[in-house]
Amino acid sequence: MNLTIKRHTSTLAASLRCGIIGAAAMLAVNSAQALDFQLVSHIGDNYSYTLTYGPDDNMWYVENGNVHATIQLSGLFGVTSVFGPLDNDFPSGPIHDGQLNWTGSVLFGGAVVRFTMLDEDVGTGNFSTEKHVLGFTLVAPGTSPIDKISLDTNGFYNGHTLDDRDVHTFISGPGIPAIPEPSTYLMLMAGLFGIGTWMRQRQG
């Protein structure tokens with residue numbers, strides 16, 4: 001009798017352990033997925049962004065040959081052109097090369113930028129660490145960054161659970177005309193003063 005009870009107790013404990021481990025694994029898979037697209041540098045007129053995939057297979061897809069993965073930034077100011085991405089940290093091969101096949105477009109007079117992946121069925125593979133696509137670059141002369149640029153992605157999903165991994169949030173980007181440095185105002189005032197002095201001398 002005691003042996004039977006112990007056996008049932010042991011079986012129940014094992015089942016509970018398996019259930020807890022399974023739930024934890026599912027939670028880990030779901031929580032590990034994290035798509036991110038952030039401004040990493042602003043040098044001169046160039047704003048450079050990095051696309052970050054979480055581990056365990058964030059992917060893009062093309063559905064029936066019509067739906068392409070996109071990364072769109074809205075609420076921008078003064079964007080004249082885009083280029084990149086320039087590199088990534090995926091291993092050499094089809095995945096590495098495929099990650100470079102984004103094409104960028106400037107829309108609505110520089111207020112919107114859209115990067116589109118045109119390749120079909122190019123994924124990220126399965127990696128235990130984050131992977132990055134580097135050098136999505138916006139060229140916006142004479143602008144300053146703000147933190148209210150809308151980021152909207154489409155076509156990203158979890159390769160294991162098929163959960164939607166798209167992002168809709170606010171990030172930094174060119175959003176206002178550049179604010180002159182105080183030294184610029186001083187130079188402008190000195191120049192105006194010099195012109196005024198020269199004109200008075202000519203009139204005198």
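**The aromatic rings**

Guide: Phe136 is buried, because its relative accessibility of 0% is under the 20% limit. Keep in mind that this is a predicted model. Now for the ring pairs. The count comes to eight aromatic pairs. One of them joins Phe37 and Phe136. Their centres are 5.2 Å apart. Where do the two partners, Phe37 and Phe136, lie? Phe37 is in strand β1, residues 36–43. Phe136 is in strand β9, residues 131–139. The pair therefore ties together parts that are 99 residues apart in sequence. Phe37 is also buried, because its relative accessible area is 2%, again under 20%.

Phe90 sits in the loop between β6 (87–88) and α2 (94–98). Phe127 sits in the loop between β8 (112–117) and β9. So this contact ties together parts that are 37 residues apart in sequence. Phe127, at 22%, counts as partly exposed.

The charged end of Lys131 sits over the ring of Phe127. The distance to the ring centre is 4.8 Å.

Now put the rings together. Ring pairs link Phe37, Phe136, Phe90 and Phe127 into a cluster that also includes Tyr49, Tyr53, Trp102, Phe115 and Phe156.

Last, the sheet. An open sheet of five strands runs in the order β7-β8-β4-β10-β12. The pairing is antiparallel. Which strands stand at its edges? They are β7 (102–107) and β12 (168–177). Each has a single partner strand, so one side of each is left without a neighbour in the sheet. On average, neighbouring strands of this sheet are turned by 25° against each other, direction ignored.

Within the sheet, take β4 and β10. Strand β4 covers residues 70–74, and strand β10 covers residues 143–154. The two run antiparallel, joined by five bridges. On β4, Gln72 has Asp152 in β10 as its bridge partner.

Definitions and conventions: Residues numbered from 1 in each chain as written. Predicted model: local features only at pLDDT ≥ 70, side-chain atom pairs only at ≥ 80, totals over all residues. Heavy atoms only, no water. Phe/Tyr/Trp six-rings, centres within 6.5 Å; stacked < 30°, edge-to-face > 60°. Helix = DSSP H or I, 4+ residues; strand = E, 2+ residues; numbered from the N terminus. Buried < 20%, exposed > 50% of the residue type's maximum accessible area, 1.4 Å probe, protein only. Lys NZ or Arg CZ within 6 Å of the ring centre and 35° of its normal. Pairing = 2+ DSSP bridges. Axes fitted to C-alpha atoms, helices over the stretch in contact; angles between N-to-C directions.
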